[in-house]
Amino acid sequence: MSQREHKKLLLICAAGITTGLLVRSIEKIAEEQKIPIHVFSAPSIVAQQIIKDDTIDAILIGPQISHEVKRLEDLLNYEKIPYRLIEKDSYKLLDGKSILEQGMKILKI
């Protein structure tokens, strides 16, 4: 399956460190379950540029930076990219399975 056949899910957090850890967990689970998804992360400071430059199918935002939703909301609505805050407990526990499920719901896969 080509990369574009995979849905692209962007995880955003303050520095990209926590979401970077989550990406590895989510990608491993997705690969084991043969889910066509490509997950990557970015710090909130560069998210706007990534959204403009890349094709993103959905975005999950770390709960500690919920204020970033206001800053990105117009662009996300303009680009028609669905987004949600990552559930606090899943984020705190680095629960890749739960976060993957949350991403799949907004991606409708």
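User: With which side chain does the side chain of K8 make a polar contact?
Analyst: This is a predicted model, in which local features need pLDDT of at least 70 and side-chain atom pairs count only at pLDDT 80 or more, while totals for chains, interfaces and linings use all residues. Residues are numbered from 1 along each chain as its sequence is written, and side-chain values use heavy atoms, with hydrogens and water left out. A polar contact is a pair of N or O atoms within 3.5 Å; within protein, one must be able to donate a hydrogen and the other to accept it, and residues adjacent in sequence count only if both atoms are side-chain atoms. For K8 the distance is 2.8 Å, and the partner is the side chain of D54.

User: Is K8 buried or exposed?
Analyst: K8 lies in strand β1; helices (H or I, at least four residues) and strands (E, at least two) are DSSP runs, numbered from the N terminus. Not counting residues up to four places away in sequence, K8 touches H38, F40, D54, T55, I56, D57, A58 and L107, where contact means heavy atoms within 4.5 Å. Buried means under 20% relative accessible area, exposed over 50%, partly exposed in between (1.4 Å probe, protein chains only). K8 has 15% relative accessibility, so the class is buried.

User: In what order do the strands of the open sheet stand?
Analyst: Two strands pair if DSSP finds at least two bridges between them. Strand β1 (residues 7-13) is joined to β2 by 7 bridges, and the two run parallel; K7 stands opposite I37 in β2. The open sheet has 4 strands with parallel pairing, in the order β2-β1-β3-β4.

User: Which strands stand at the edges?
Analyst: An edge strand here has a single partner strand, so one side of it is left without a neighbour in the sheet. That describes β2 (37-43) and β4 (83-85).

User: What angle do the axes of α2 and α3 make where they cross?
Analyst: Axes are lines fitted to C-alpha atoms, for helices over the stretch in contact, and angles run from 0 to 180 degrees between N-to-C directions. Angles under 35 degrees count as roughly parallel, over 145 as roughly antiparallel, 65 to 115 as roughly perpendicular and the rest as oblique. By that scale α2 and α3 are roughly parallel to each other. Their axes come within 11 Å, and the crossing is at roughly 5 degrees.

User: How many charged residues are in the contact of α2 with α3?
Analyst: From α2 the contact takes S44, I45, A47, Q48, I51 and K52, which meet E68, R71, L72, L75, L76 and E79 in α3. Ala, Val, Leu, Ile, Met, Phe, Trp, Tyr, Cys and Pro count as nonpolar, Asp, Glu, Lys and Arg as charged, and the others, Gly among them, as polar. The residues divide into 6 nonpolar, 2 polar and, for the charged class, 4.

User: At what angle do α1 and α5 pack?
Analyst: In this contact L22, S25, I26, I29 and A30 in α1 meet G96, K97, I99 and L100 in α5. The helix α1 is roughly perpendicular to α5. Their axes are 9 Å apart, and the angle is about 75 degrees.

User: Where does K80 lie?
Analyst: K80 is a residue other than glycine with a positive phi, near 60 degrees. At 72% relative accessibility K80 counts as exposed. Its place is the loop between α3 and β4.
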